[in-house]
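Dear colleague,

I am handing over the structure below, which is a predicted model.

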Amino acid sequence: MGAHSGFEGYMRTFESEGRARSRHVTTDWLNVSLVDSYADDDPNDPYYTIGYCDGANGVTFLKEYWNDASETERELLAFHEFGHCVLGLEHGTCPGIMCEYIGSESDYKANRSAYLDALFK
């Protein structure tokens, strides 16, 4: 297994942030890729799927969202999906990384350290 090369930086940062919080995690086994769409989604729904963990070893991101997202938005989405696949987490408190919807970039930047502490607790 392995990741598409465009995701390696997010995977390594996730591992590094975990280690900084005494959680030794690895993402090497993940298969990360982009998809054009998700079969059951309506793009007119404001809460349509932009990332997905398949419960095994696959993480996918909606190509249209990923390509238009900032580095911060990509990190937030990647860490959210890695939280599902690697840490086994369900959706959690909003605002936060495991919230069922992706929060604002400014909120994430302002609260990144606290959100990461909560993610890896």
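Cys 85 is buried, since its relative accessible area is 12% and the cut-off for buried is under 20%. Its disulfide partner is Cys 53, with an S to S distance of 1.8 Å, and this link is right-handed, with 110 degrees about the S-S bond. The pair ties together distant parts of the chain, as Cys 53 belongs to strand β2 (residues 51-53) while Cys 85 lies in helix α3, 32 residues apart. Cys 53 is likewise buried, having a relative accessible area of 13%.

Helix α3 itself covers residues 71-85, and at 1.5 Å a residue its 15 residues should span 21 Å, which agrees with the 21 Å between its end C-alpha atoms. Of those 15 residues, 13 are buried, so the helix is largely enclosed by the rest of the structure.

How many disulfides does the model contain? The count comes to 2, and besides the pair already described there is one between Cys 94 and Cys 99, whose sulfur atoms are 1.9 Å apart. The torsion about that S-S bond is about 90 degrees, so this disulfide is right-handed. When the bonded cysteines of the protein are numbered in sequence order, the pairing reads 1-2, 3-4.

With best wishes

Methods:
Residues numbered from 1 in each chain as written. Predicted model: local features only at pLDDT ≥ 70, side-chain atom pairs only at ≥ 80, totals over all residues. Heavy atoms only, no water. Helix = DSSP H or I, 4+ residues; strand = E, 2+ residues; numbered from the N terminus. Expected span 1.5 Å × (residues − 1). Buried < 20%, exposed > 50% of the residue type's maximum accessible area, 1.4 Å probe, protein only. Disulfide = S-S within 2.5 Å.
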